[in-house]
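Here are some exercises to work through with the structure open beside you. Try each task yourself before you read the solution.

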Amino acid sequence: MKILINLLMLVVIVVAIGVLTYLPWTGLVAFAVLLAAWMALTRTGRQAWSVTKVGIATIPQRLGSSSVIIIGIAGVVGVLVALLAMAEGFRETLQQTGDANTAIVMRGGATAELSSGVGRDEVTLIQQLPGILKDAQGKPIASPELVVVANIPKKGTATDANVEIRGVGEQAFALRPNVKLVSGKKFSQGLRELIVGKGALAQFSGLDPGSTINLGNQQWTITGVFESGDAHESELWGDVETVSATYRRQGYQSVTARLTSPDALDQLKAGIAAEPRLKVDAKTTGDYYSAQSENLTKVIRVMGIVIGVIMGIGAIFGALNTMYAAVATRAREIATLRAIGFRGLPVVVSILLETMLLALAGGVLGAAVAWLLFNNYTVSTLGANFSQVVFAFKVSPALVWSGLKWALAIGFIGGLFPALRAARLPVTTALREL
């Protein structure tokens with residue numbers, strides 16, 4: 001019998017968390033309005049409100065046990081929101097890197113630049129394809145690019161991490177107008193010079209303007225710092241031909257081009273299909289970088305939800321113990337109310353409301369701590385190209401709302417079984433025992 005009860009509790013926990021965490025805010029608001037109307041307009045509802053006020057008034061007398069619920073749920077919500085904010089920050093950083101107005105061309109079947117290869121002859125053909133925008137001089141706004149990975153020590157730990165070195169063509173800055181030099185100067189064509197992204201400068205040592213680093217057994221000078229507001233801030237940029245010669249590469253890995261319009265991708269693809277010498281595929285940079293973020297974002301989200309569920313079960317048992325104790329101490333009070341005509345439903349509703357109020361307080365506390373500690377907190381992690389991507393945690397209102405719904409779900413489950421026990425408590429037994 002105990003096994004069946006435990007299984008039933010587990011099913012209720014899973015169902016309640018699933019329903020409440022995926023319920024839109026409009027649904028919860030509508031439920032709250034209906035509950036308030038029921039309490040104001042019906043006799044049973046007014047009874048529930050009267051019992052609820054008594055329970056809330058006694059919370060200060062049970063502050064120690066009540067804080068178990070608040071702190072436990074605050075921990076669940078804080079950890080959950082922080083992990084989901086990490087996934088959201090990583091996804092947003094990569095999605096901001098691309099858009100529908102630029103296209104990336106890589107070897108057919110390649111899923112990332114490091115696994116791609118585009119020959120020099122192919123680059124010439126690609127730049128002449130329809131759908132690619134040209135500048136005032138009639139030159140296609142397209143940049144043949146080469147990506148290599150170098151080991152650079154991280155600040156604080158001095159451990160080596162993979163950093164992307166991107167060789168770019170002359171049109172790279174016209175192609176990406178969001179890339180702005182914030183200090184120093186741009187690298188010169190044909191020289192071993194690099195500019196460093198603001199994110200990489202903050203995370204890795206030895207990249208200040210004027211310093212030199214060893215790449216491919218050659219010394220390179222850092223000449224400036226740029227910002228772009230996307231994943232490119234995790235990179236170092238240099239002249240593609242110089243990077244290619246240093247690493248003895250015969251070709252490139254991709255060609256990124258600005259399209260004449262967001263609808264011009266079909267023209268570009270048709271041009272590729274009509275040229276038998278080209279064995280490449282094209283997609284918008286928005287689609288490319290979204291795909292790069294998808295797997296890691298899913299892993300972080302799943303990890304956050306699993307950890308949240310495990311911690312949530314612990315918080316539920318803490319709430320159960322606290323509310324069972326509260327029901328036990330208030331047994332005479334509840335029995336007296338039942339004896340003078342109060343039904344079981346008002347008792348159930350009052351205990352649930354009391355528990356969910358404490359849970360909401362814990363949820364607000366946990367979300368506030370997560371926002372204060374982690375919002376815009378900058379970290380780096382391994383991206384799809386096996387290089388570090390620098391990004392900031394994003395504690396968005398949607399994540400805070402998700403955390404609060406988790407808190408309410410935990411409070412509902414933690415109060416449900418003690419509430420049912422209180423409603424079923426025999427009046428004569430409770431009065432005789434106390």
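**Exercise 1. Find the residues in contact with Gln203, leaving aside its neighbours within four places in sequence.**

Step 1: Look for heavy atoms within 4.5 Å, which is what contact means here. Gln203 then turns out to touch Lys154, Lys155, Thr378, Val379, Ser380 and Val390.

Step 2: Gln203 belongs to helix 7, residues 198-203; helices (H or I, at least four residues) and strands (E, at least two) are DSSP runs, numbered from the N terminus.

Step 3: Decide how covered the residue is. Buried means under 20% relative accessible area, exposed over 50%, and partly exposed in between (1.4 Å probe, protein chains only). Gln203 is at 15% relative accessibility, so it counts as buried.

Before you go on, a word on the source: this is a predicted model, in which local features need pLDDT of at least 70 and side-chain atom pairs count only at pLDDT 80 or more, while totals for chains, interfaces and linings use all residues. Residues are numbered from 1 along each chain as its sequence is written, and side-chain values use heavy atoms, with hydrogens and water left out.

**Exercise 2. Work out where the buried residues of helix 9 lie and what they pack against.**

Step 1: List them. In helix 9 (residues 265-274), the buried residues are Leu265, Leu268, Gly271 and Ile272.

Step 2: Look down the axis. These buried residues of helix 9 fall within an arc of 125°, so they line one face of the helix. The arc is that of the directions from the helix axis to the C-beta atoms.

Step 3: Turn to the face away from the buried side, where Asp266, Ala273 and Ala274 are exposed.

Step 4: Find the partners. The buried residues of helix 9 pack against strand 1 (102-107) and strand 10 (280-284).

**Exercise 3. Describe the span and the two sides of helix 3.**

Step 1: Helix 3 (residues 43-57) has 15 residues and reaches 21 Å from its first C-alpha to its last. That is close to the expected 21 Å at 1.5 Å a residue; the expected span is 1.5 Å times one less than the number of residues.

Step 2: Thr44, Gly45, Gln47, Ala48, Val51, Thr52 and Gly55 are the buried residues of helix 3. They cover an arc of only 155° around the axis, which puts them on the same side of helix 3.

Step 3: Arg43 and Ala57 are exposed on the other side of helix 3.

**Exercise 4. Which residues form the cluster linked by ring pairs?**

Step 1: Rings of Phe, Tyr and Trp (its six-membered ring) pair if their centres lie within 6.5 Å; planes under 30 degrees apart count as stacked, over 60 as edge-to-face and the rest as tilted. The structure holds nine aromatic pairs.

Step 2: Follow the links, and you reach Phe90, Phe374, Tyr377, Phe391 and Phe393.
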